[in-house]
Amino acid sequence: MQSKIVIGMLLVILAVMNFSIIGKEQHLKQGDTVYLKLAPVDPRSLMQGDYMALRFDAADQLYNALQSSSNKALKSTHDGQIVVKLDDNKVGTFQRVYQGKPLQENELLLNYRVRDDNIKFATNAFFFEEGTAELYEQARYGEFKVSEKGELLLNAMFTEQLTEIKVE
């Protein structure tokens, strides 16, 4: 009887994991594309092993907006949304903290999180194949797929000319 319960629980866990994976795959295929410009990162921590620490220009602009707001929202742990405006190349530029007003044409909502005084858009690291760090030193943009709810998935890294960085 006990083994049937364990097997049943394993099947439930596998089903939940597979639904999550299928959902993320659909998000990558159907989500809107936005490129967020990377902000300079301390060169000593830019490459650590087989991943790259990420910081985005939009996060710096959001940080300044939150610091100048009267409620000092950066001090508290919270989730929120920002509005970015997309140019012709789908490069997103921070416009404002979302406060429920309708979006203009070429604007998109992006979810963010504030934890320990740090702003995160989906992730703060990009993992790549070991031994390919030099390729990713030219990364200037992160390509995100954005769902209708503003959820972001980091898909790839791109150069200043918006050329995808790939390992061949």
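Asp60 first: I looked up its relative accessible area and got 25%, so I have Asp60 down as partly exposed. This is a predicted model, so I keep that in mind for everything below.

Next I checked who Asp60 pairs with. Its side chain meets that of Arg55 in a salt bridge, at 3.0 Å from N to O. Arg55 comes out at 37% relative accessibility, which makes Arg55 partly exposed too.

Then I asked myself how many salt bridges the structure holds. The count is 4, and I wrote up three of them here, including the Arg55 and Asp60 pair.

On to Glu107. It forms a salt bridge with Arg96, and the closest N and O atoms are 3.1 Å apart. Glu107 sits in strand β6 (residues 107-115) and Arg96 in strand β5 (residues 92-97), so this pair ties together parts 11 residues apart in sequence.

Is Glu107 buried or exposed? I find 13% relative accessibility, and because the cut-off for buried is under 20%, Glu107 counts as buried.

Last entry: Lys37 and Glu160. Their closest N and O atoms are 3.8 Å apart, and I log the pair as a salt bridge.

Notes
Residues are numbered from 1 along each chain as its sequence is written. This is a predicted model: local features need pLDDT of at least 70, side-chain atom pairs count only at pLDDT 80 or more; totals for chains, interfaces and linings use all residues. Side-chain values use heavy atoms; hydrogens and water are left out. Buried means under 20% relative accessible area, exposed over 50%, partly exposed in between (1.4 Å probe, protein chains only). Helices (H or I, at least four residues) and strands (E, at least two) are DSSP runs, numbered from the N terminus.
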